[in-house]
Amino acid sequence: MTTDRTTAQPAPPHAAAVPSYLISNAPFLHSLEPARTIYIVTQVAACGPLVAGLVFFGWRAAIVAALAIVSCAVVEKAYYRCTYTPALLGRSHAYLTGLLLALTLPPFVPWYVPILAAVFAIVVGKAIFGGVGHFLWQPALIGRLAVAVMFPATMNPTAWPVLAPNKLLVGDVRQSRPMENYRRWSAQPAPPGADAFALPRPTTILGGLTTGAEPAFSGLATKPENAPPNKGLALMRMPPLTDLFYGATPGGIGETCSIAIVLAAVYLIYRGYVKWQLPVAIVLSAAAVVAVAPIRLAGAGQEVRTVWLPLLAEGSDAGLTYVCYQLFSGELLLAAVFMATEMTSRPVTTGGQVIFGVGCGTVGALLKLYLQVPIPFYMGVLAMNTFTPAIDSFWRPRVLGQKRFRLPPPKIASRGSRIAD
Amino acid sequence: MLRRCYGTFTGGIDLPDQKSATLNRSITPAPRPSRLLVPLGPCGGPTAKPLVAPGQAVEAGQMLARAAGGDAMDVFAPLAGKVASLDAVAAVAGPYGFLANAAIELTDLGECPAPASPATHENWIDCPTDALMQQLRQGGLTTHRRPVEPLATWLNKAAATRCDVLIANAVEGQPYVTADHRLLTEHGADVVAGLVILARVLGITKVLLAVDYRRTGSYQSLAQAAHSWDVATIALPHKYPIGADAVLVHLLARRQVPPGGTATDVAAAVIDPASCCAVFRWIVYKQRATHRVVTVAGEQAGRHENFWTPLGYPCAELARRTAPSEAGAARAPSASVVEPIIHGGPMVGLRCHAMAVVTPATNALLAIDEAPQASPTTCIRCGWCTDHCPARLNVAILNDDFELSRVNHACRLRVAACVECGVCSYVCPARLPLTERVKQLKQAAARPLPVEGT
């Protein structure tokens, strides 16, 4: 027997003469897990980072999230009403898109930003491709990218707020004051007349290591001999890692609380909606790039040292801390757990997902290190989403019984519709 | 019971077992039928030539029709009765659906017997191999699973490819079905002896009997016989579809069936226990294979039994006798040609035609609670079909190929390797009929190209 169709045996003559009554429609059993469940469970998982965001960014975050979710649902409803196409799978995916969009937005944005982002997410990201199951790029990221391009100054100010410990959940993030000698979040009382600290984002501080005409740092954790006293140590300027773990650091609503994101990831992997290989591939490849890619440090006087392999350059302690800072600051975890795992826009096979994840992590880390774009890992995911169809057709697992090394398949004359005839 | 570590396979799924209703019900005679429609071609192929006339009384085991040649087989009367007509039509299960087949209608039937084990039996151990082979070819035996083929054909294929391993596939991984399990429990020694007869005829020394490890406690009598005949009994994990031929051969013989091929292509012969039992009963007791075990089960069935059923028993009647409401079921045949009964296991079975009869392939008739047919939505590319495919096919891409009619592309993805287990449809959260689509692609790919210029 062979798969070569030109040599396939014709059906025995009596088979055509006997009428076939029924085509079977087996199986008659189905698992009780409709597609809507997938989206609802993902929404539940996404509520963890959202709640953390509400705690650390107060009621303005709640308004931004509500605006994003409601406008996603309204835009989807309006689009399908206007175009007379049925909305597939109800509106659960629209709610999910709005929720994910809310997680990526900063908490202090004006009211029109989430609405515009939702319009872009639903119309440009999803509906014009044909809705659920057909889009190429993750819709929430399309919305986030659109507002990042339209309002660059609003979306990426130099100082970002985070509520003070005694103003959690009820404070106003826009009432923020810059802090002198900010060390760690829990040690600080609220500044007088304000609810929030205005701080540079950790990613901005780390960005000084790889770009900029004048490197600000003379070392990661140890200062070289005869370094000028006005050049600082990079890791000394960062808040402690624990702040990044539980989310008391400036950033998007759902981006900062690493613990909530990791718990959500564990839940989604347990439910089987996310394969562990994809987020792990993203995080590991980003870590590998960060551990190897060169950073620029100020030496004595005006000279600039280019240090490769920062993981080992100043001992593994400082190197590991540096890599952890790079991984836990910014939106890497949210992108790896919620954005890259959007089912429609990621490859289908496990191997394809690993390729996709390595691409996301590498592209995102390089964008973060050397181009200083505001949302590097989101752009990495969007960039790799573009290649999803290519990865799907390129990566083919070996079918049962297929030879390990095979000749190219024989050329077959093309014919039109084969199913109908 | 030997339980070696044979590993497992990529893909597959744990199905709910749901066999408790009939698992411990011993094989009982079927209720007396009002009529039998004995198909003249139980394999769905060419039919035999009738030897009887309408009105004639026949004995149980009497020859009703003689093979005219080719693949046709002799047909025997399962029960004593009277020939009512010669031009009845019965629907027999073919590879992709029910096929119309000419049948002999028998009425005024006697009671169905229980599977008897007469005291007089032939000594087959001292019988020369050639004589055994001759007897097997004359027995009118078939294999007992879909697609049904004459045992002589199966033997010829296995001999022609010089098979060196014989596997009896008693895994029975589908929910509800317990026919093979009961056969092994009550007639385990017969099954093993039948398997040994086939192995001797084919000259195979490596003989395996694969069973489900959760059922091994019931097979004590079988273990003794298997030990004395040097048949390796292997308990396999419960993971559907471990009983698919390609998967079973891959696990037990470490050979991969080429896409579109069968197990004999890699010199492995796979047989089912019902056929082994039929071989034993024919060789030793000289009883024709005119009955088989049929599990009648399902939430909607009033009775849950393993019936020793004569071939040609109308499926609707066997299941209707056990249906809870007599009036509702009686209306069904006139209202539609489709019965709410499933022929075979729920994962690979067929929906019963009104004229369907029990053939050697009928291991179960199920009246199960079917969820109301949710309309399929669009594929969201979750990839579960691809993850669970035992043949490691990329079913999500094959679904695209179906929607775009890209048969050549599907060929390149080796669609012929599909084992038609139904797992992709089972897990699909969008309720797409993926198994159906892949089967159609497979058939389209197997169809020869038209000659150029026609």
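Two strands count as paired when DSSP finds at least two bridges between them. Helices (H or I, at least four residues) and strands (E, at least two) are DSSP runs, numbered from the N terminus. With that in hand, here are some notes on the model.

1. A word on reading it. This is a predicted model, in which local features need pLDDT of at least 70 and side-chain atom pairs count only at pLDDT 80 or more, while totals for chains, interfaces and linings use all residues. Residues are numbered from 1 along each chain as its sequence is written, and chains are lettered from A and ligands numbered from 1 in the order in which they are written.

2. The sheet in chain B. Strand β5 (residues 63-66) of chain B pairs with β6(B) in the antiparallel sense, over two bridges. Here A65(B) has V75(B) in β6(B) as its bridge partner. Three strands of chain B make up an open antiparallel sheet, in the order β3-β5-β6. β3 (49-50) and β6 (75-76) of chain B stand at the edges with a single partner strand each, so one side of each has no neighbour in the sheet.

3. Two crossing helices in chain B. The axes (lines fitted to C-alpha atoms over the stretch in contact) of α2 (residues 129-138) and α4 (residues 179-202) of chain B come within 9 Å and cross at roughly 115°, with angles running from 0 to 180 degrees between N-to-C directions. Residues are in contact if their C-beta atoms, placed from the backbone, lie within 7 Å. From α2(B), T129(B), L132(B), M133(B) and L136(B) meet I197(B), R200(B) and V201(B) of α4(B). By class, this contact has five nonpolar, one polar and one charged residues; Ala, Val, Leu, Ile, Met, Phe, Trp, Tyr, Cys and Pro count as nonpolar, Asp, Glu, Lys and Arg as charged, and the others, Gly among them, as polar.

4. Chain A overall. You will find 16 helices and seven strands in chain A.

5. One residue to look at. V266(A) lies in helix α9 (residues 258-271) of chain A. V266(A) counts as partly exposed because it has 14 C-beta neighbours inside 10 Å.

6. A hairpin in chain A. Strands β6 (residues 295-298) and β7 (residues 304-307) of chain A pair in the antiparallel sense over four bridges, with L297(A) opposite R305(A) in β7(A). Five residues lie between the two strands of this hairpin, and G301(A) in the turn has a positive phi of about 65°.

Definitions and conventions. A residue is buried if 20 or more other C-beta atoms lie within 10 Å of its own, exposed if 12 or fewer, and partly exposed in between; C-beta atoms are placed from the backbone. Two residues are in contact if their C-beta atoms, placed from the backbone, lie within 7 Å.
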